[in-house]
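Dear colleague,

I am passing on the structure we spoke about, and below it you will find notes on a few places that I looked at in some detail. Please read them with the model open beside you.

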Amino acid sequence: MPNDNLLIIEGLKKYFQIGKGFLGRKADTVKAVDGVDLTVRKGETLGLVGESGCGKSTLGNCILRLEEPTAGSVFFENRNVLALDDKSMRKLRRNMQIIFQDPYSSLNPRKTVGQIIGEAFRIHGLLTPEQRRERIRELLSVVGLMPEHIHRYAHEFSGGQRQRICISRALALNPKLIIADEPVSALDVSVQAQILNLLVRLQNKFDLTYIFISHDLSVVRHISDRIAVMYLGKIVELAPFQELYRRPLHPYTESLLAAVPLANPLIRRKRVPLTGDVPSPINPPANCRFHPRCSYRNRICSREIPTLDEIESGHHVACFFPRNGG
């Protein structure tokens with residue numbers, strides 16, 4: 001295992017049983033995450049993108065064991081997270097934190113900011129009451145809030161301020177890995193830029209590693225070192241961000257990038273339309289899951305499963321006919 005890999009994910013799966021079998025019939029299964037292999041290096045930001053329902057948030061939850069995976073392994077600093085008991089897992093959670101998507105529902109309206117951030121210290125039995133208050137004030141200052149905000153409630157803040165509170169809560173225990181689950185999707189565009197810049201500054205200051213989950217490729221571009229593209233529970237492309245935007249090899253990635261608006265209205269971008277709707281994860285297409293919507297499909301696409309292969313240095317793609325790649 002290379003020394004610079006903080007997190008290694010191998011064959012991770014998460015299946016959900018929905019409904020109940022009737023008259024002996026088998027219940028339906030949603031394959032939210034279906035055999036994901038990923039590595040995350042120390043100090044990097046790995047962007048994870050895809051359409052809604054592709055399984056990216058479920059993948060983040062499985063890494064932290066907020067959802068128990070169906071199969072696979074998650075190694076954090078050489079330790080198999082999925083093999084830990086409750087006591088060991090609680091200790092490990094100090095190094096792995098999450099920023100949730102909705103800053104409105106992720107903060108307890110009955111607690112003050114000081115109580116919300118200080119709960120982490122209480123659970124882990126860290127610091128004296130006075131030390132906790134001082135640490136909370138310090139965290140508020142770090143994310144751009146005032147120390148006196150410690151006594152206010154969540155409803156007294158704007159959406160951007162609430163997300164700053166969520167970020168300070170994630171930083172409280174000095175974690176090494178933070179999973180940011182669409183942290184700016186509920187915010188105004190101007191506020192999105194502020195939060196993204198804040199995350200970059202915090203990463204440099206505290207030597208953080210991020211998994212940044214988003215459906216917005218224009219947002220992911222400004223913060224990621226590498227980007228993994230997910231479709232129906234599987235990773236279909238993985239590359240450094242410059243290479244992915246310059247030369248996408250998977251037809252799905254090509255279509256996603258073609259849909260990103262351009263700032264210059266005089267520039268015309270070639271559209272890559274997708275046929276049909278996103279298939280149901282209950283009954284995904286056999287073999288290549290993207291082939292029913294792909295304009296480049298061939299017979300082999302419906303007969304065999306493409307593997308995530310390294311086409312070029314650092315550029316992986318799961319496709320029999322990668323665009324511009326042969």
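A residue is called buried here when its relative accessible area is under 20%. Please keep in mind throughout that this is a predicted model.

By that cut-off Glu243, at 14% relative accessibility, counts as buried. Glu243 belongs to helix α8, which covers residues 241-246, and its side chain is joined to that of Arg246 by a polar contact of 2.8 Å. When neighbours within four places in sequence are left aside, the contacts of Glu243 are with Pro248, Glu312 and His315.

Helix α5, residues 159-171, spans 19 Å from its first C-alpha to its last, which is close to the 18 Å expected for its 13 residues. Because 11 of those 13 residues are buried, α5 is largely enclosed by the rest of the structure; among the buried ones are Arg162, Gln163, Arg164, Ile165 and Cys166. The elements that cover the buried residues of α5 include the helices α3 (113-124), α4 (129-142) and α6 (189-206), together with the strands β6 (96-99) and β7 (177-181).

Two of those covering helices also pack against each other: α3 and α4 meet at an angle of about 120°, with their axes 10 Å apart, and so α3 is oblique to α4. Their crossing is right-handed. On the α3 side the residues involved are Val113, Gly114, Ile117, Gly118, Phe121 and Arg122, and these meet Arg132, Arg135, Ile136, Leu139 and Leu140 of α4.

With best wishes

Definitions and conventions:
Residues numbered from 1 in each chain as written. Predicted model: local features only at pLDDT ≥ 70, side-chain atom pairs only at ≥ 80, totals over all residues. Heavy atoms only, no water. Helix = DSSP H or I, 4+ residues; strand = E, 2+ residues; numbered from the N terminus. Expected span 1.5 Å × (residues − 1). Buried < 20%, exposed > 50% of the residue type's maximum accessible area, 1.4 Å probe, protein only. Contact = heavy atoms within 4.5 Å. Polar contact = N/O pair within 3.5 Å; in protein donor to acceptor, adjacent residues only side chain to side chain. Axes fitted to C-alpha atoms, helices over the stretch in contact; angles between N-to-C directions. Parallel < 35°, antiparallel > 145°, perpendicular 65-115°, else oblique. Left-handed = near helix turned anticlockwise from the far one by under 90°.
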